[in-house]
Amino acid sequence: MKKVIITVVGKDIVGIIAKTSMYLYKANINILDISQTVVQDYFNMMMIVDCSKTRKSFDRLGAELAKLGTEMGLRIRCQKSEIFEKMHRV
Amino acid sequence: MINIYEVIETNKMILEENLDVRTITMGVSLLDCADSSVAKTCDCIYEKLMRLAKDLVKTGDDIGREFGVPVVNKRISITPAAIVGSACCRRPADFVRIAKTLDRAAKRLGVNFIGGYSAVVSKGMTPADELLIRSIPEAMAATERVCSSVNVGSTKTGIDMDAVRLMGEIVKKTAELTRDRDSIGCAKLVVLCNAPDDNPFMAGAFHGVSEGDAVVNVGVSGPGVVNHVLANSCRGVGFEELCETIKRTAFKITRVGQLVAQEAAKRLGVPFGIIDLSLAPTPAVGDSVADILREIGLEHPGAPGTTAALALLNDQVKKGGVMASSYVGGLSGAFIPVSEDQGMIDAVNAGALTIEKLEAMTCVCSVGLDMIAVPGATSAAAISGIIADEAAIGMVNQKTTAVRVIPVAGKKVGDTVEFGGLLGHAPVMKVSKFSCEKMIARKGRIPAPIHSFKN
């Protein structure tokens, strides 16, 4: 399994989850977990996804999601999950 | 399972607090390039570097993109050039040819610095060592990306004062030959005591003879992260909580370095060497070790209490870092360069920080007098005296110390020097006007200290 963390940060609007999920569905990427919260008036969403079945390269995925974010006035980042696991687990 | 608050914390460190991996440095042994012909030696060096490091920059950038953490510098360190060139170099100009070869390879590979134009002369100089040292001014003037270092002493051997005397003259000459660029040659030249074989940070990086054929070493950074954590949760708290917080933060920063190092080693097909868990500042606002010292409770670095605050910081960084990585090495600690840290520059401009106080600080931090601009009129003997003082601190305290001072040609106290980029800018600092000439004129070496005899 290639676990990737997608983070969405910005002003809350209608359709953030719908549009992001639609993109992931078309790219054959399975969503494992979604959580969201508001920090300092900013909407924060985190998706844990499995990228093992997609045919898109990591770079392309990152670029397309970033573009989708820009269209919605949000910042969307894609990162391999190890950076978070290593940093926060002994 | 990772939770959203941990993800937010990590990304805040990266996006707002300047967390980055400062350098992936590939160490390459060039011992097998030694030949009796300068041309053949240079050809072999170029070929080996191009072969082993061809994917270094791309790998660093790929890893940075995939994990979402900037890998700022990709660099190379080599076997001390004095050893590589000892069979073929008959005059300083021969060594300069090697320097130019290294510069050409660095430019072609896209690495911003290549370190190891070095000589390790802690007990004495071979003829090749001396030739290399004498070639440094011209090599630094004729190249852009080559870094040079000379190790003049160690706890085990004492201090080679002949090399110290010579280095005073070499630093001055290097400044003179690059006077049209604010003596920038000296920013690429460092004089060390107890130099580690596996340091990934410039200008002192070289690939020691105790190392294998190739290795990947990683230097982490993150003074901004420590500063933010202290500002947000440690104002007015006791030392126990302060230290615990720095330690936890150092752990997190180092874990990122460990991940990047293992990944880089795997992709490059080269063994992982060490993580250097240093707090390395940059001229960027908020990326400052001085700011941490202020956050601990000093008005400016240089105030009474600075040495204690720095000792505390350095120790907690090590304690947090060692837990996070399987192999720790290099310099590992807090760096206190002046020109590369806006908070240090402010402290000098405010009159709070002097060279003498910086010297005291080097007793408890990881390196030494770093990136300090001094008047162009400073004598070679005075520079040798500064080098001898630092080497003595390193020798007696069994730690690495270094001197990277820039006697800026044509500049005096109060002037400012602009180096640009990561090297930053610096106010020219005052050096004691009293002479040490008669001491520096003495020949020979200072013996090793009594506590070095462990056998």
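User: Which element is Val38(A) found in?
Analyst: Val38(A) sits in strand S2 of chain A; strands here are DSSP E runs of at least two residues, helices are H or I runs of at least four, and both are numbered from the N terminus. Keep in mind that this is a predicted model, where local features need pLDDT of at least 70, side-chain atom pairs count only at pLDDT 80 or more, and totals for chains, interfaces and linings use all residues. Residues are numbered from 1 along each chain as its sequence is written, and chains are lettered from A and ligands numbered from 1 in the order in which they are written.

User: Is Val38(A) buried or exposed?
Analyst: Exposed, because Val38(A) has 9 other C-beta atoms within 10 Å (12 or fewer is exposed, 20 or more buried, in between partly exposed, with C-beta atoms placed from the backbone).

User: And what does Val38(A) touch?
Analyst: Phe43(A) and Asn44(A), leaving out residues up to four places away in sequence; contact means C-beta atoms, placed from the backbone, within 7 Å.

User: Switching topic: how many residues does the contact take from chain A and from chain B?
Analyst: 23 residues from chain A and 18 residues from chain B. On the side of chain A that touches chain B, H3(A) gives the largest share, 7 residues.

User: Which residues of H10(B) and H12(B) meet?
Analyst: Ala290(B), Asp291(B) and Arg294(B) from H10(B) meet Gly343(B), Met344(B) and Ala347(B) from H12(B).

Notes. Contact = placed C-beta atoms within 7 Å.
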